[in-house]
Amino acid sequence: MQLAIILVAFAAILALVFAAFNFTIVKRMPEGTDRMSEIASAIREGANAFIRYEYRILIIVVAVVAVVLAVVTTWHAAIALIIGSTMSGTAGFVGMKIATYANVRVSNRARETEDVGETVKVAFRGGSVMGLSVAGCALLGLFLVYLIFGIGLGQAAETEAAYVNLLGLHFIPFTMTLSGYALGCSIVAMFNRVGGGIYTKAADMGADLVGKTEAHIPEDDARNPATIADNVGDNVGDVAGLGADLLESFVGAIAAGIILAYHMFLQSSALLTGMTVDMLQKCVLFPMIFVSIGLISCCIGIASLLFRKRISEDPHRALNSATYLSAALTIVLGLVVSVLLFRGEDTAILKTALGFHAGIFSPWLAAAVGVIAGVLIGALAEYYTSIDYQPTYQLSQTAKQGPALTVTSGLALGMKSCMAPCVVLGFGILISYFLSGTYGVAMAAMGMLSFVAVTVSVDTYGPISDNAGGISENGHLDPKVRDITDTLDSVGNTTAAIGKGFAIGSGALAAMALMMSYLYSFNEAGTDLVLNMVTPMVLAGAIAGAALPFLFSGMLIDAVSKVAGTMVEEVRRQFREIPGILEGKGRPDYTSCVTISSRGALREMRMPSLIAIVIPVACGFIFGPEFVGGLIIGATLSAIMIAIFAGNSGGAWDNGKKYIETGAMEGHGKGSPTHDAAVVGDTVGDPLKDTVGPSLDIFIKIMSTVSLVAVPVFANVNLVSLLSGFFG
């Protein structure tokens with residue numbers, strides 16, 4: 001056990017040291033011309049201002065939730081929540097900082113070398129800081145929770161619901177502590193994703209609708225007052241938000257497996273199926289060791305690209321090589337972990353108590369299923385969103401027929417794209433369950449995110465490249481420089497869609513594992529875990545739950561629309577009132593647009609962010625645990641479909657527009673009616689792919705985590721059971 005804990009600490013520290021090394025190298029690179037430095041500084045200041053305002057609100061929310069958690073559950077969970085929120089907030093902040101330093105260096109490297117491969121290396125090095133920080137901070141926090149509470153306070157050895165809190169309620173100590181850690185990560189992720197998503201898309205839509213379609217000036221043109229706000233948005237939404245999102249998914253997947261292991265031990269003890277304490281500890285350690293091996297593999301994969309002398313002129317191939325190497329190493333080394341950890345265990349007991357149908361290989365096979373499912377979902381996202389394949393290419397051709405058909409075709413593409421990933425998810429659940437029982441489903445979720453460091457690195461590369469394009473345009477650099485950054489950015493849109501596919505896929509699997517733990521929490525040990533969907537209470541909950549993601553998504557889109565509308569009016573006002581602005585003689589007021597996005601995002605993010613926390617708890621205290629069980633199932637199924645649809649349709653619209661902007665469609669380039677139609681499609685897709693889709697992944701997991709934390713309370717105290725007892 002000691003070696004396992006040392007390995008976890010080593011992997012976390014290795015990742016953070018590697019991240020610090022890359023941060024230092026990027027920061028030492030030259031920024032370029034004075035104009036480039038000025039633009040980068042403005043973007044940096046805007047991003048810093050927003051994140052400071054957002055974190056002030058976040059600190060208050062975390063403090064309130066921690067106090068409530070300490071009263072209704074355990075003080076250990078409250079401390080763990082603070083640790084989780086600190087780790088998640090730190091990773092997001094570091095990622096945003098490196099993105100605002102790397103963007104101008106990417107642009108300058110393209111200017112100096114005019115080489116795609118060299119420019120990719122700088123962008124990926126910047127992205128790797130975010131990726132390594134996400135996995136390193138998540139694992140470091142998990143190590144601290146296990147060291148302080150699991151070993152220091154002896155919670156890891158406590159297998160019964162022996163802890164009694166201030167309200168007289170009983171808990172399994174370590175599962176509640178770990179739930180608190182996961183909840184802390186989830187709260188930060190929700191605020192970063194929702195707040196950042198509203199900010200970035202409001203600025204983006206405001207800049208595009210007036211700048212491109214009305215004034216017919218290029219994207220990121222310095223004459224557009226919203227261009228700095230747009231570039232700030234890439235950092236607070238697509239970098240800080242993305243990092244917190246996948247950190248939360250990573251932690252949620254690990255926590256789901258560990259929590260489930262404790263409940264399975266109680267179930268086995270009640271049914272006398274033979275699961276031992278030693279076997280429980282191995283099930284607890286396996287996900288932590290597996291992700292540690294995965295993180296070390298990611299360090300190797302990232303280094304293989306960064307220290308390569310020459311990178312291909314095809315950025316996608318270079319990025320894929322790092323991802324596939326990391327995934328392959330994770331699978332191979334994971335086999336060694338499974339064999340070493342579970343060797344000597346009785347295969348009959350493993351099968352009876354845990355559902356391990358492949359003996360000591362079962363958890364590894366389930367995790368490998370998750371890795372493969374993640375790669376397949378990523379490949380499907382690439383198929384539907386990359387211009388290299390028919391769906392997006394045909395969508396770009398549809399723009400010739402006007403904005404209405406462009407929007408209609410994009411909606412159809414997104415809807416059709418839901419089927420294949422859901423089939424992959426379905427088979428992933430069935431195969432992992434057959435191999436390793438309910439624990440296997442949690443391992444599949446964990447496996448899908450075991451190489452999250454490289455996934456986030458590739459994802460963060462996209463917004464850094466997008467920012468670099470904006471700086472190149474604003475800095476009046478040679479068109480060849482903008483061509484290079486546009487090449488990187490186009491690939492970034494596809495990698496972002498792949499990352500979102502990983503997030504929603506792992507989120508669905510983790511939510512199912514958390515759902516099983518939820519059922520264990522309010523049922524007597526030894527009873528069948530059945531949530532009967534045809535009972536009125538569960539069915540009513542499922543119907544209400546299925547509607548929640550639509551309500552949540554509608555609120556987000558409405559929030560983006562409100563702030564974007566204000567932005568549009570401000571840009572139009574400046575074009576009218578500032579003399580010579582469109583001729584390049586007058587200087588736009590960039591600060592006013594940054595302020596509009598910041599204030600609007602912070603104002604509009606509060607209600608959607610609180611829904612996922614408040615509604616499950618409120619419904620639990622009114623209707624009881626079975627209603628909330630249905631609520632989670634309905635919300636999860638609905639959210640999966642909307643998230644895949646939103647991510648793929650938005651990504652396809654964006655890449656279709658970029659294809660037209662390359663001039664590949666003769667007679668239909670920038671400023672043409674075809675381009676205007678594509679911009680409309682892209683604008684419709686912006687809040688879908690960058691606000692709604694990513695936020696739904698967090699939405700379903702925070703609902704599951706909050707419900708798991710609160711169910712011991714509302715299972716005993718709820719209005720329906722009180723009324724039933726009163727009326728007899």
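Predicted model: local features only at pLDDT ≥ 70, side-chain atom pairs only at ≥ 80, totals over all residues.
Two packed helices are described by the angle between their axes and the distance between the axes. On the H4 side, the contact is made by Val120, Ala123, Phe124, Gly126, Gly127, Ser128, Met130, Gly131, Leu132, Val134 and Ala135. H14 contributes Val452, Ala453, Val456, Ser457, Val458, Thr460, Tyr461, Ile464 and Ser465. By residue class, this contact of H4 with H14 comprises 13 nonpolar residues and seven polar ones, with no charged residue.

The next pair consists of helix H7 (residues 277-306) and helix H8 (residues 315-342), whose axes come within 8 Å and cross at roughly 150°. An angle over 145 degrees counts as roughly antiparallel, and H7 and H8 are therefore roughly antiparallel to each other. The crossing of H7 past H8 is right-handed. Here the contact of H7 with H8 includes 18 nonpolar residues, eight polar residues and one charged residue.

From H16, the residues making the contact are Met537, Leu548, Leu551, Phe552, Met555 and Leu556. They meet Met607, Pro608, Ile611, Ile615 and Phe623 of H18. The contact of H16 with H18 is made up of eleven nonpolar residues, with no polar and no charged ones.

Attention now turns to the loops. Although Glu114 is not a glycine, its phi is positive, at about 50°. Glu114 counts as partly exposed, because its relative accessibility is 44%, a value between the 20% and 50% cut-offs. Leu272, in the loop between helix H6 (227-271) and H7, is likewise not a glycine and has a positive phi of about 60°. With a relative accessible area of 75%, Leu272 is exposed.

The loop between H7 and H8 holds Lys309, which is exposed at a relative accessible area of 80%. Setting aside residues up to four places away in sequence, Lys309 touches Glu118 and Lys121. The C-alpha atom of Lys309 is separated by 38 Å from that of Asp208, and these two residues are 101 residues apart along the chain.

Further pairs of residues show how separation along the chain and separation in space can be read together. Val369, found in helix H10 (residues 362-385), is buried, with a relative accessible area of 15%. Val369 and Gly447 are 78 residues apart in sequence, and their C-alpha atoms are 7.5 Å apart in space. Leaving out residues up to four places away in sequence, Val369 touches Gly428, Ile431 and Leu435. Ser721, by comparison, is found in helix H21 (residues 719-727) and is partly exposed, with a relative accessible area of 35%. Ser721 and Asp682 are 39 residues apart along the chain, and 50 Å separates their C-alpha atoms.

Finally, the cysteines. With a disulfide taken as a pair of cysteine sulfur atoms within 2.5 Å, the count comes to zero disulfides. Cys137 is in no disulfide, and the nearest cysteine sulfur, that of Cys185, is 9.7 Å away. Cys137 counts as buried, because its relative accessibility is 7%, and buried means under 20%. Cys422 is also in no disulfide; the nearest cysteine sulfur in this case belongs to Cys418, at 6.1 Å.

Notes
Residues numbered from 1 in each chain as written. Heavy atoms only, no water. Buried < 20%, exposed > 50% of the residue type's maximum accessible area, 1.4 Å probe, protein only. Contact = heavy atoms within 4.5 Å. Helix = DSSP H or I, 4+ residues; strand = E, 2+ residues; numbered from the N terminus. Nonpolar A, V, L, I, M, F, W, Y, C, P; charged D, E, K, R; others polar. Axes fitted to C-alpha atoms, helices over the stretch in contact; angles between N-to-C directions. Parallel < 35°, antiparallel > 145°, perpendicular 65-115°, else oblique. Left-handed = near helix turned anticlockwise from the far one by under 90°.
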